[in-house]
Amino acid sequence: MLLASQTNAGGIQVTHELMTLPFAMDALAPHISKETLEYHYGKHHRAYVNKLNELIKGTEFEGLSLSDLVRKTTGPTFNNAAQVWNHNFYWYGLNPRGSDKPTGELAAAINKNFGSFDQFAAQFKTAAATKFGAGWTWLVKTEDGQLAIRNSNDAENPLQWNQIPLLTCDVWEHAYYIDYRNERPRYIETFWALVDWDFVARNLEGEGITF
């Protein structure tokens, strides 16, 4: 599945568009409220898309995918491209119904790298809760094929490190402040209840969404 975009007559992507959420605006309630979605998706995410289009217009970056923009740009262009990518990935990783614990290849990889699913969950939640300042907590597949938990600052994205993102938790305050104020650990528990493990498994298997 590709993120929607507008192309010119030559088929070159010139405008990135705000993705359509894979669920209704109120579907994550009561875990994440409609009001949070209105601000987080409707204002913050949209602003990154709009700014990115403004920055790349008429530049050598105008025809690049989001993933290529993340890999090849710096400064404000990178910040906005990565934040669009990161938010797309975050939304697709959430499911209003949640899902069962991982199975199959994903479960085996988690057990191999973390000892058990419970140990992995504890490490991921601790990393997200203790991440200082704005950023993201990721489950990634490293270059040597191992699974690892990584924190990133601000807009940083694992594509910069030649790692494959499998799951992310947004720990910028705008992701949770309306619902949980400064209680980030409560938000992280809520996030965990919404994780779509089938999405994570598809990313591990190389069948995930391309931006």
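Modeller: UniProt positions are given here in the numbering of this chain, feature names are shortened, and annotations may be inferred rather than shown by experiment. The model is predicted: local features need pLDDT of at least 70, side-chain atom pairs count only at pLDDT 80 or more, and totals for chains, interfaces and linings use all residues. Residues are numbered from 1 along each chain as its sequence is written, and side-chain values use heavy atoms, with hydrogens and water left out.

Biologist: What is the mean pLDDT of the chain, and over which residues does pLDDT stay under 50?

Modeller: pLDDT is the predictor's confidence in each residue, on a scale from 0 to 100. The chain has a mean of 93, and 93% of its residues reach 70 or more. Residues 1-12 stay under 50; for them the model has 25 contacts (heavy atoms within 4.5 Å) beyond four places in sequence.

Biologist: What is the make-up of residues 15-94 in helix and strand?

Modeller: Helices (H or I, at least four residues) and strands (E, at least two) are DSSP runs, numbered from the N terminus. On that basis residues 15-94 are 60% helix and 2% strand, and the end C-alpha atoms lie 26 Å apart.

Biologist: Why is the pair of tyrosine 90 and tryptophan 136 given the name that it has?

Modeller: Rings of Phe, Tyr and Trp (its six-membered ring) pair if their centres lie within 6.5 Å; planes under 30 degrees apart count as stacked, over 60 as edge-to-face and the rest as tilted. By this rule there are 23 aromatic pairs. The centres of tyrosine 90 and tryptophan 136 are 6.2 Å apart and their planes stand at 75 degrees, so the pair is edge-to-face. Tyrosine 90 belongs to helix α3 (residues 75-92) and tryptophan 136 to strand β3 (residues 135-141), 46 residues apart, and the pair thus links distant parts of the chain.

Biologist: How do you know whether tyrosine 90 is buried or exposed?

Modeller: Buried means under 20% relative accessible area, exposed over 50%, and partly exposed in between (1.4 Å probe, protein chains only). At 1%, tyrosine 90 is therefore buried, and tryptophan 136 is buried as well, at 0%.

Biologist: Which class of aromatic pair do phenylalanine 120 and tryptophan 192 form?

Modeller: Their centres are 5.7 Å apart and their planes 55 degrees apart, and the pair is tilted. Phenylalanine 120 is in helix α5 (residues 117-130) and tryptophan 192 in helix α7 (residues 184-194), so the pair ties together parts 72 residues apart in sequence. Phenylalanine 120 is buried at 0%, and tryptophan 192 is buried at 11%.

Biologist: What makes the largest nonpolar core a core, and which residues have the most contacts inside it?

Modeller: Such a core is a set of buried Ala, Val, Leu, Ile, Met, Phe, Trp, Tyr and Cys residues joined through side-chain atoms within 4.5 Å. The largest has 65 residues, and Phe120, Tyr187, Phe191 and Trp192 have the most contacts inside it. Helix α3 gives the most to this core, with nine residues.

Biologist: Which residues does the "binding site" annotation cover?

Modeller: The unreviewed UniProt entry places it at His40, His87, Asp170 and His174. They are spread over 135 residues of sequence yet cluster in space, with a largest C-alpha distance of 12.0 Å.

Biologist: What makes lysine 43 count as lying over the face of tyrosine 39?

Modeller: A charge sits over a ring if NZ of Lys or CZ of Arg is within 6 Å of the ring centre and within 35 degrees of the ring normal. Lysine 43 lies over the face of tyrosine 39, at 5.6 Å from the ring centre.
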